[in-house]
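Hi everyone, thanks for coming. Please have the sequence and the structure open while I talk, and stop me whenever you get lost.

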Amino acid sequence: MSDDFRVARKTLQNHHITSSQSFTKHDLEYILSITSKMESGIHSKTNSKLLDGYILATLFFEPSTRTRLSFEAAMMRLGGNVITVEQAMACSSAKGESLEDTGHVVSQYADVIVTRHPESGSADRIASKSIVPVINAGDGPNEHPTQALLDLYTIFSEKKKLDNLKIGFLGDLKFGRTVHSLVHLLRFYSINFTFISHPTIAIPQHISNILKEYGCQVTETEDLESAIKDLDVLYVTRIQKERFSKDDNYDDLKDKYQLTQSLLNTSKADLTVLHPLPRVNEISPAIDDDPKARYFKQAENGVYMRMALLAAVLGKSPNQTM
Ligand code: NCD
């Protein structure tokens, strides 16, 4: 193991993962390399005892299919156990308990906590009183760092590189927390960013400013037809209906963009289309079998990346059982 990886391994151990802004480039490279080991070892069950005896607690105060199930599957694939509340809204927070108290108590029952909550900053509040690592699986419109890690892994496995790529982000760039977290990871690489959206749900200015400070090229447009032509990756997102106030124009925005086969035909032959899912109308199911559509593989990768992350925060290296 290289010195850089040794440092990354040490910093991730026992560390809260609440924002993608706290990762170094070495942390990312370490996680990508462990994720790839987890992927290649999955069928031989190479690491099926790595987290034997460890307990993951999942606390989801918002709906989830992929994130929660892939975290729970990841823990079980590594031989660990999972405790959960049926619906987090049905736990003591419904009686007025603070997130800090919930974090304190649950951390006495588990070795790692994964949480999702509608409020920005909620994962930090839970982490502030937790004696075990807390992983943010989405705090309102703010961040979703583990989705960003699996997105980064998917881009790397599809493109075999992370530099010199032109990546388009389409849809709800204002409330889309997966976009916010992913661009923070991509700032370390030589990426040309094209943000495609209606101006009312454009990428927040403070995020595009950070990218510019890092020397990244940033373009903003409403014109998907022109933008798609020279992209290497198109990252599509759902309009985040649940984050709109009733005065906002969700109905005007929901059908503004739809990726169809005819539009896809105008893109580069090796375009990769990603989406964190769930999709609504923004990608036509008719393109699911097109080799450019990689969003279901992206969802599969969530298990491998979450296996890697759980092992990393619990201080276990997959080599130990190989
Ligand atoms: C995303 C989320 O929850 O932010 N979903 C996910 O975790 N895969 C995207 C979304 O809900 O649109």
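**A walk through the fold**

Let's begin with a β-α-β unit: strand β1, helix α3 and strand β2 make one, and it is right-handed. One thing to keep in mind as we go is that this is a predicted model. To find the pieces on your screen, look for β1 at residues 55-60 and β2 at residues 81-84, with α3 at residues 66-77. The two strands pair in the parallel sense, over 4 bridges.

Now over to a sheet of 5 strands. In what order do the strands of this open sheet come? The order is β7-β6-β5-β8-β9, and the pairing is parallel. At the edges you find β7, residues 217-221, and β9, each of which pairs on one side only. On average, neighbouring strands here are turned by 20° against each other, ignoring direction.

Let's zoom in on β5 and β6. Strand β6 covers residues 191-196, and β5 pairs with it in the parallel sense over 6 bridges.

Next, a pair of helices. How do α2 and α6 sit against each other, roughly parallel or roughly perpendicular? Helix α2 runs over residues 25-41, and it packs with α6 at an angle of about 75°, the axes being 10 Å apart. Angles from 65 to 115 degrees count as roughly perpendicular, so α2 and α6 are roughly perpendicular to each other. On the α2 side, the residues in this contact are Leu28, Ile31, Leu32, Thr35, Ser36 and Glu39. They meet Leu149, Leu152, Tyr153 and Phe156 in α6. Sorted by class, the contact has 7 nonpolar, 2 polar and 1 charged residues.

Now for some backbone details. Most residues other than glycine have a negative phi, and most peptide bonds are trans. With that in mind, go to the loop between α6, residues 145-159, and β5, residues 165-170, where you will find lysine 160. Lysine 160 has a positive phi of about 65°, although it is not a glycine. Asparagine 164 lies in the loop between α6 and β5 as well, and its phi is also positive, near 55°. Are these residues buried or exposed? Lysine 160 counts as exposed because its relative accessibility is 64%, and asparagine 164 is exposed too, with a relative accessible area of 55%.

There is also a cis peptide bond to look at. Which residues does it join? They are leucine 277 and proline 278, and omega is about 5°. Proline 278 is in the loop between β9, residues 272-274, and α12, residues 295-313.

My last stop is glutamine 13, in the loop between α1, residues 3-12, and α2. Glutamine 13 is partly exposed, with a relative accessible area of 35%. Which residues does it contact, leaving aside neighbours within four places in sequence? The answer is Ala312, Val313 and Gly315. Compare that with asparagine 47, which is 34 residues from glutamine 13 along the chain: their C-alpha atoms are separated by 18 Å.

Definitions and conventions: Residues are numbered from 1 along each chain as its sequence is written. This is a predicted model: local features need pLDDT of at least 70, side-chain atom pairs count only at pLDDT 80 or more; totals for chains, interfaces and linings use all residues. Side-chain values use heavy atoms; hydrogens and water are left out. Buried means under 20% relative accessible area, exposed over 50%, partly exposed in between (1.4 Å probe, protein chains only). Axes are lines fitted to C-alpha atoms, for helices over the stretch in contact, and angles run from 0 to 180 degrees between N-to-C directions. Angles under 35 degrees count as roughly parallel, over 145 as roughly antiparallel, 65 to 115 as roughly perpendicular and the rest as oblique. Contact means heavy atoms within 4.5 Å. Ala, Val, Leu, Ile, Met, Phe, Trp, Tyr, Cys and Pro count as nonpolar, Asp, Glu, Lys and Arg as charged, and the others, Gly among them, as polar. Two strands pair if DSSP finds at least two bridges between them. A crossover is right-handed if, with the strands pointing away from the viewer, the path from the first strand over the helix to the second runs clockwise.
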